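Subject: Structure handover

Hello,

Here is the structure I promised to pass on. Please open it first, then read my notes below.

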Amino acid sequence: MNILFATAEAAPFSKTGGLGDVCGSLPLELYTLGHRPALILPAFRQIYQAGLPIDSTGISFEIPIGQKRVGCQILESHLPNSAVPVYFIENGDYYDRPQLYGEDGEDYRDNCERFVFYSRAVLEAILQLDLGTELIHCNDWCAGLIPAYLKTLYAEEPPFDQMASLFTIHNLAYQGSFWHWDMALTGIDWKYFNWRYMEFFGNLNFMKTAIAFADVISTVSPTYAQEILRPPLSCALEGALEHRRDDLFGIINGVDYNDWNPAIDSYLGTNTYDQDSLKVGKSACKEALQREMNLPVNSGVPLVAAVGRLVDQKGFDLISRVIERWAPDRAVQWVILGTGDPKYHQVLGRLAAERPDKVAVRLEFSNELAHKIEAGADMFLMPSQYEPCGLNQLYSLKYGTVPIVRRTGGLADTVVDVSAETLADRSATGFSFSEYTALALSDTLERACTVFADKDVWQQLVQTGMRQDWSWGNSAREYSNLYKRTLAQARQGVLS
């Protein structure tokens, strides 16, 4: 099947989070299954930092945006070490900027125009490149208008009249909502600016538009697919989603084990390890991490880590409160890596200054250090308010680092809580809790530290986690089946 990924992000070209990881990895697995994937991205400034060759196709064209016409050219490259083509929509005014979506905490004011242009340019590029696309896999709000174009402006125009659209929600909280007069930029008839299709509390909403028009909708875990049907995680879109409930599916994201695998991780130097060499390798990684973070070297002390955006959604309000309570008198070490809300920079920085023997904080993003933390930590914290899928808990399982998670979204689908029963049947892989409170997180950490003291049980838990297979191969097969369903659904040709 000829599948086109319409996405603003795909690693290693452009990435701000999990969307980039998914769109950089899933097409590769689909290629191995015999599909013919391709990707089209905006030519953000960031794409040139990937270090891969990017060439001109010699193709250029103009797109109508409101009352004007705007030009672009098409560039091309490939996903690393593959035959999967990646195309870029180049327009310097729209995309040659320091960041992808905004700067200094503020979105770019013309984001609606930037991604209206991108959506229509994707469709024009399909024609100009003669891609033979059968299905467009649209990812998140930036590509949210494409399903609408297929069902409206391009509905009777070959080859678009035969194309299907799958829309994947990576995070429902980011919707692409703009004032209503921006509807004029789209070229779509104003009759669709209503509660059923494109209007949302008086605004033009790209996410709602995609939910209304896509042939099939997916999201990144089965539990999140259920959670977004009701408040608060529905983000006020419960009506639109309930209407499409029968067309909504959840598929867990995968992990690229070529990148996240302690047996071949180049960031670990000579301390690589697998299940058979776990005891020696992981101990060496823990010692190396303690030294790098200026913590006392002590193999018997639990080393608890968290990596990610320092924001409320990721549970850093709970994490900071628990560290504050535990640091004075508990024999536990804490390692935090990330950037985010200034209030967490302040409180975590203060805790590290007050207890440098127990708390180490790096207020930065470092891929190398993230790998070293996964390998050297004993436990990994993810007490998220919500988590559509989550990847760090999957990395942790592979690295023998026991995840401690809140039972939500993909965290609920991928971590089996320790209990007498799950230890007995050897299915336990971590610790989880439900109530979003510092007390619940603290109690769960108490459970984890108790099990950590029993080395035999802890090793069983670690080994069970390392045996899990969360590779992209499983997810790609599920997507392959969903593509077939999507094509069948599209052939019905009825706008519901």
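This is a predicted model: local features need pLDDT of at least 70, side-chain atom pairs count only at pLDDT 80 or more; totals for chains, interfaces and linings use all residues.

Other salt bridges

The whole structure holds 21 salt bridges. One of them joins Lys-15 to Asp-21, with 2.9 Å between the closest N and O atoms. Lys-15 is partly exposed, at 38% relative accessibility. Asp-21 has 19%, so it counts as buried, the cut-off being under 20%.

Glu-354 and Arg-350 make another, at 3.2 Å between the closest N and O atoms. They are four residues apart in helix 11 (residues 342–354), so about one helical turn separates them. Glu-354 is partly exposed at 47%. Arg-350 is partly exposed at 32%. There is also a network: shared partners join Glu-292, Glu-368 and Lys-372.

Aromatic rings

The count of aromatic pairs comes to 26. Tyr-94 and Tyr-95 form a tilted one, 5.9 Å centre to centre with 55° between the planes. Tyr-94 is buried at 5% relative accessibility. Tyr-95 is buried at 0%.

Phe-115 and Tyr-118 have ring centres 6.5 Å apart and planes at 75°, so this pair is edge-to-face. Both residues are buried. They lie three residues apart in helix 3, so about one helical turn separates them. Ring pairs also build a cluster, whose members include Phe-44, Tyr-94, Tyr-95, Phe-115, Tyr-118 and Trp-141.

Tyr-108

Look next at the loop between strand 7 (106–107) and helix 3 (111–129), where Tyr-108 is placed. Tyr-108 is buried, with a relative accessible area of 12%. Its contacts beyond four places in sequence include Arg-97, Pro-98, Tyr-101 and Arg-114. A polar atom of the Tyr-108 side chain lies 3.3 Å from the backbone nitrogen of Gln-99. Phe-44 is 64 residues from Tyr-108 in sequence and 13 Å from it in space, C-alpha to C-alpha.

On the surface

Trp-179, Trp-181 and Trp-190 form a nonpolar patch on the surface. Together they have about 400 Å² of accessible area. Trp-181 lies in the loop between strand 10 (177–178) and helix 5 (183–186).

Best wishes

Notes
Residues are numbered from 1 along each chain as its sequence is written. Side-chain values use heavy atoms; hydrogens and water are left out. Helices (H or I, at least four residues) and strands (E, at least two) are DSSP runs, numbered from the N terminus. Buried means under 20% relative accessible area, exposed over 50%, partly exposed in between (1.4 Å probe, protein chains only). Contact means heavy atoms within 4.5 Å. A polar contact is a pair of N or O atoms within 3.5 Å; within protein, one must be able to donate a hydrogen and the other to accept it, and residues adjacent in sequence count only if both atoms are side-chain atoms. Patches are made of residues with over 30% relative accessible area and no salt bridge: like charges are joined within 9 Å, nonpolar side chains (Val, Leu, Ile, Met, Phe, Trp, Tyr) within 5 Å. Accessible areas come from the Shrake-Rupley method with a 1.4 Å probe; for residues, only the protein chains shown count as cover. A salt bridge is a side-chain nitrogen of Lys or Arg within 4 Å of a carboxyl oxygen of Asp or Glu. Rings of Phe, Tyr and Trp (its six-membered ring) pair if their centres lie within 6.5 Å; planes under 30 degrees apart count as stacked, over 60 as edge-to-face and the rest as tilted.
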